[in-house]
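Here are some comments for a colleague who is meeting this structure for the first time. Please read them with the sequence and the model side by side.

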Amino acid sequence: MKRCYRFYGGFLDTQENWLNQMAQKGYRLIKTGKMTYDFIECQPSEYQYAIEFVAQQSFKSEREYGTFLEELGYKVFYKNANLNFSVGKFKWRPYGRRMGQISTNPGGYNKELFIVEKKNDGKPIELHTTNSDKVNYYKPLRNAWLTISVIFFTSAICQYINKGFISNGVIVFGALGLLCTIPMTRYQKKISSFLAHLDIEE
């Protein structure tokens, strides 16, 4: 067994690319932890992986969706997008849908992502096939980064108001807010592209 220590947070594409690189080298994922990935050896490129953002869903919907994917022949692993190690937590997700705005531990807390595995048949994993589905999938991702960005910018403004000058805290929070706008903008571009194709289809 091979154990790797990694934390990718909300950088889904980076995590997905790394898992597929491991699979190409002949390693199959068998277990995940908060910062660990356990692999066993397999034939190179025997498996392929995709990362699915599910934090906007309620825990019940997550489980139902996971069961649905497994019935289609996929293997599903839960993965965290944060590093909270405490128990009994309650979290509000403003980008979630209905009960998906509430996350508790035990429940959907630290289970914001699915790692989806399938045997490599030469076709990519495509969990969202229509442009409408893709728009609905990427909107919560964009909103999640928007929420984090707003929190950092608000913290920077509060620091400035509190101290009356541009402190290190203002710079750090402002820089983090700017960094979060990068994936937010990227997902918005994807949404705009899918919406444009949606208009063409209609």
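**Notes on the model**

1. Just after helix α1, G26 takes a positive phi of about 100°. Please keep in mind, here and in the points that follow, that this is a predicted model.

2. Which residues of α1 are buried? They are L12, Q15, W18, L19, N20, M22 and A23. As background to such a pattern, an α-helix has 3.6 residues a turn, so residues three or four places apart point the same way.

3. An open sheet is formed by 3 strands, whose order is β1-β3-β2 and whose pairing is antiparallel. The edge strands, each of which pairs on one side only, are β1 (2–5) and β2. Direction ignored, neighbouring strands of this sheet are turned by 35° against each other on average. Between β1 and β3 the antiparallel pairing runs over 4 bridges, and Y5 has T36 in β3 as its bridge partner.

4. The loop between β2 (27–32) and β3 (36–41) holds M35. Is M35 exposed, partly exposed or buried? M35 counts as partly exposed, because its relative accessibility is 35%, and the range between 20% and 50% is what the term covers. Although M35 and F7 are 28 residues apart along the chain, their C-alpha atoms are separated by 5.4 Å.

5. A search of the whole structure finds 6 salt bridges, and one of them joins K119 with E46, the closest N and O atoms being 3.5 Å apart. This pair links distant parts of the chain, since K119 lies in strand β8 (residues 113–119) and E46 in the loop between β3 and β4 (47–53), 73 residues apart. K119 counts as exposed because its relative accessibility is 52%, whereas E46, with a relative accessible area of 22%, is partly exposed.

6. Another salt bridge is the one in which the side chains of D121 and K118 meet, at 2.9 Å from N to O. Are its two partners buried or exposed? D121 has a relative accessible area of 49% and is therefore partly exposed, while K118, at 12% relative accessibility, counts as buried.

7. The side chains of K134 and E126 also meet in a salt bridge, with 3.9 Å from N to O. Here K134 counts as buried, because its relative accessibility is 18%, and the limit for that term is under 20%. E126, by contrast, is partly exposed, with a relative accessible area of 46%.

8. Finally, the surface deserves a look. Which residues make the nonpolar surface patch of about 550 Å²? The patch is made by I157, Y160, I161, I166 and I171. Its largest share, 3 residues, comes from helix α3 (residues 131–163), and I157 has its place in that helix.

Terms used:
Residues are numbered from 1 along each chain as its sequence is written. This is a predicted model: local features need pLDDT of at least 70, side-chain atom pairs count only at pLDDT 80 or more; totals for chains, interfaces and linings use all residues. Side-chain values use heavy atoms; hydrogens and water are left out. Helices (H or I, at least four residues) and strands (E, at least two) are DSSP runs, numbered from the N terminus. Buried means under 20% relative accessible area, exposed over 50%, partly exposed in between (1.4 Å probe, protein chains only). Patches are made of residues with over 30% relative accessible area and no salt bridge: like charges are joined within 9 Å, nonpolar side chains (Val, Leu, Ile, Met, Phe, Trp, Tyr) within 5 Å. Accessible areas come from the Shrake-Rupley method with a 1.4 Å probe; for residues, only the protein chains shown count as cover. A salt bridge is a side-chain nitrogen of Lys or Arg within 4 Å of a carboxyl oxygen of Asp or Glu. Two strands pair if DSSP finds at least two bridges between them. Axes are lines fitted to C-alpha atoms, for helices over the stretch in contact, and angles run from 0 to 180 degrees between N-to-C directions.
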